[in-house]
Amino acid sequence: MKITRKKFIGALVGAGVLAGGGAWTVRQTERRARIENVARTVPEGNVLRFRSRPDLKPPAVEIEKKPRGIFDRKGDYVFLAPQPKTPGHYGAMILDGEGHLVWFYQPEGRRLENFRVQRYHDEPVLTWWEGRVTNGHGLGEYVLLDRSYRKTKRVRAGNGYKGDLHEFLITPQGTALFTVYHPVRHDLTPAGGSKDALVYDGIAQEVDVESGKVLFEWHSLDHVPVELSYGRPPKKSDIPFDYFHINSIDVDHDGNLLISSRNTWAVYKVDRKDGHVIWRLGGKKSDFEMGPGTRTAYQHDARRHPDGTITIFDNGGNPPVHEQSRGVVIRLDTENMKADLVREYVHPGKKLLAGAEGNVQMLPTGEAFIGWGYEPFFSGFGRSGDLDFDARLPGLGCSYRTYWFSWEGRPPDRPALVVEKQGDAAVVYASWNGATGVSRWRVLSGRDSSGLTPAGEASKKGFETAITVRGGGPYFAVQAVDSAGGVLATSRTIKAR
């Protein structure tokens, strides 16, 4: 059942609640459970609830277009961090291409943003920013997790600053690049403000992950005049003017940095040694002749790619400048200083206009994956530009960025189970938060806890699987079995009541 944004808002206004929605209706869920003996959890108010893990209440993602091509490949997953306005709990979330939950983490008392897979010392790690959000930026630190979802490192900004949510990029050299927002007094008369006003200095900092030593630091106010902003200073001088709004950092082919500024509508190439601006792409004083379709507004996520192109998520909104947000691929001619549009990605059939956030991820095989920022959608595009996958968070849900990565998760804890008696039968509900290698679930049962024997099996489909067992018990356990028949882990033994 599809719920449009307009219908959602109308339901909130008219009834105060929103019922139904999600990837599966009640009727579809019950019918599929009977056929496949799988417990597909029914969304309650667009929130998933699991019998074996009642502590987890993630949002129910709706698949609008089933995956095809690379987006239907096993072992690849969606990584997102639903924000607080999303129904259900917010946190870090991994989904498969069918929208089934794979892993969910709910932080306690802190925001979590920019959840993704990176590599550190040539090993895959999960990373995110966590902290508190104020005035559109973050005050916090960065977290690294291993394949078993154990937190292995925390990275903090140096020189007395707090790390911002917009960027955390690990380099092959074992350093981390991230953003910082720092309010300082500055002359804003060139931008129409007062002489001694507060302004956010956009800072790019690089630290060594292992030691925390600051290796590089760049300040926007030293290199980008305030009058290049498309924003206007607040009337009250004690409210910081976010003239620059740094929101991404990337490493160019020559080792220098690409820094995106939302509020000057420009991408800056910055010398990594002395910090001077080598060139500006877009904005009021672009060093490039901007070809048709290359100008962006309030953009995010500028990335250089091996073929020399640059991708940018062109928000185009807040206030509206374009009709809809898009992902753009731009080729730069640095000899003649010209920028040409290679391709743009827009959502077909929906004019999504994201006032903020969003990203464009180019996959190694040529496909594109786009998180639509303030809009609840995330989409995969094939090499031909066709929409090959589309999904959305419920209600007004959104994720700062959304990614598509390969991942192999090996949780350190045991699988979870709950047993419910139904007459002479027992229904065993099994799940294992974060496990990607489970192919089947095997139920063990017995008259005492030390004498369990196999009593039934079912294929794993979705986060939680239900297996009906007749006779046996009253003690039960489950085993997670891989595709080769090997036992990955065994749950604790419980007594059915």
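This is a predicted model: local features need pLDDT of at least 70, side-chain atom pairs count only at pLDDT 80 or more; totals for chains, interfaces and linings use all residues.
**View 1. The salt bridge between Arg401 and Asp301.** The closest N and O atoms of Arg401 and Asp301 are 3.8 Å apart. The pair links distant parts of the chain, with the two residues 100 residues apart. Arg401 lies in strand 26 (residues 399-406), and Asp301 lies in strand 18 (residues 300-304). Arg401 counts as buried because its relative accessibility is 1%. Asp301 has a relative accessible area of 2%, so Asp301 is buried.

**View 2. The salt bridge between Arg442 and Glu457.** Here the closest N and O atoms are 2.7 Å apart. Arg442 belongs to strand 29 (residues 440-446) and Glu457 to strand 30 (residues 453-459). The two residues are 15 residues apart, and the pair links distant parts of the chain. Buried means under 20% relative accessible area. Arg442, at 18% relative accessibility, therefore counts as buried. Glu457 is partly exposed, because its relative accessible area is 37%.

**View 3. The salt bridge between Arg410 and Glu408.** The side chains of Arg410 and Glu408 meet at 3.1 Å, N to O. Arg410 has a relative accessible area of 43%, so Arg410 is partly exposed. Glu408 also counts as partly exposed, because its relative accessibility is 37%.

**View 4. A network of salt bridges.** The residues linked in this network are Arg110, Glu130, Glu141, Arg154 and Arg156. In the whole structure, a search finds 33 salt bridges.

Note on methods
Residues are numbered from 1 along each chain as its sequence is written. Side-chain values use heavy atoms; hydrogens and water are left out. A salt bridge is a side-chain nitrogen of Lys or Arg within 4 Å of a carboxyl oxygen of Asp or Glu. Helices (H or I, at least four residues) and strands (E, at least two) are DSSP runs, numbered from the N terminus. Buried means under 20% relative accessible area, exposed over 50%, partly exposed in between (1.4 Å probe, protein chains only).
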